[in-house]
Amino acid sequence: MKYILEACVDSVRSAIEAQKGGADRVELCGNLIIGGTSPGKALFQQVRKYTDLKIRVLLRPRFGDFCYDDYEFAMMQEDTQMYRELGADGLVTGILTPDGTLNMQQMKALADTAGKMDVALHRAFDVSWDPFVTLEQAVSLGLKTILTSGMKNSAWEGRDLLKSLVNESDGRIEIMAGAGISPEVIRELVPYTSVTACHMSGKIVRDSRMEFRRDGVSMGFPGFSEYEIWETSAENIKEAVRVLGEL
């Protein structure tokens, strides 16, 4: 069995570490600390320059829900065209209607613009109305992958639904387990669910190089230190690859 390990990264250094660890591809994002947003052109070009990895690009214009207005959707269309021209291998996105089903019109428009690029449905799936309805919608759109935690906060918690999705998909679409994925989880989750792809950040928290530090000033969410850098660890990715190789 050939398993896929995808690393979600939001920096060039993390992408380099993912390649060192043996990841098959990366999902390139901005701002992973808030679940990821669309990355910039310069980040894509630098990752392409310094790695040989396949790159799927996250298409998410903002933090929050997955129901987008016309302005946001126009941004997504422009980004899709840009990444197609830049040579991305795929897109990772998801758009819902207010009733919790996939927005078929907007998703089809993005898939059409993407052309030959893979299109994956991200964890918008996990907040959709019905997993099996959404699965069939994704298949009908010709999407390549569904990234899902099984509608729970972690893939291990959602393992029973993941198992059902693998059975129901019957090879028509890749079911990729994400959220809380570690080498230890992979060892138990993959045999139980029969998923063939896993998605993880493999992150460590690195201390800032700053020597002078201004305490008590937050630039974003309260409680997050401005002097901690979250990065992918090659060792964490390597261990996950090793575990998959033993299954």
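Trainee: Which residues make the nonpolar surface patch?

Mentor: First, how a patch is built. Its residues have over 30% relative accessible area and no salt bridge; nonpolar side chains (Val, Leu, Ile, Met, Phe, Trp, Tyr) are joined within 5 Å, like charges within 9 Å. A salt bridge is a side-chain nitrogen of Lys or Arg within 4 Å of a carboxyl oxygen of Asp or Glu. Areas come from the Shrake-Rupley method with a 1.4 Å probe, and for residues only the protein chains shown count as cover. Here Ile33, Phe63, Val205, Phe221, Phe224 and Trp230 make a patch of about 560 Å².

Trainee: What sort of model is this?

Mentor: This is a predicted model: local features need pLDDT of at least 70, side-chain atom pairs count only at pLDDT 80 or more, and totals for chains, interfaces and linings use all residues. Residues are numbered from 1 along each chain as its sequence is written, and side-chain values use heavy atoms, with hydrogens and water left out.

Trainee: Where is Ile33?

Mentor: Helices (H or I, at least four residues) and strands (E, at least two) are DSSP runs, numbered from the N terminus. Ile33 sits in the loop between strand S2 (25–28) and helix H2 (41–50). The chain has eight helices and 10 strands.

Trainee: How is the accessibility of Ile33 read?

Mentor: Buried means under 20% relative accessible area, exposed over 50%, partly exposed in between (1.4 Å probe, protein chains only). Ile33 has 41%, so it is partly exposed. Val133, in helix H5 (residues 131–140), is also partly exposed, at 32%. Of the 247 residues in the chain, 48% count as buried.

Trainee: How many aromatic pairs does a search of the whole structure find?

Mentor: Rings of Phe, Tyr and Trp (its six-membered ring) pair if their centres lie within 6.5 Å; planes under 30 degrees apart are stacked, over 60 edge-to-face, the rest tilted. The search finds one pair. The ring centres of Phe44 and Tyr83 are 5.4 Å apart and the planes are at 65 degrees, so the pair is edge-to-face. Phe44 is in helix H2 and Tyr83 in helix H3 (residues 70–86), so the pair ties together parts 39 residues apart in sequence. Phe44 is buried at 1% relative accessibility, and Tyr83 is buried at 0%.

Trainee: Which ring does the charged end of Arg159 sit over?

Mentor: The test is NZ of Lys or CZ of Arg within 6 Å of the ring centre and within 35 degrees of the ring normal. Arg159 sits over Trp156, 4.1 Å from the ring centre. Lys163 lies over the face of Tyr192, at 4.8 Å.
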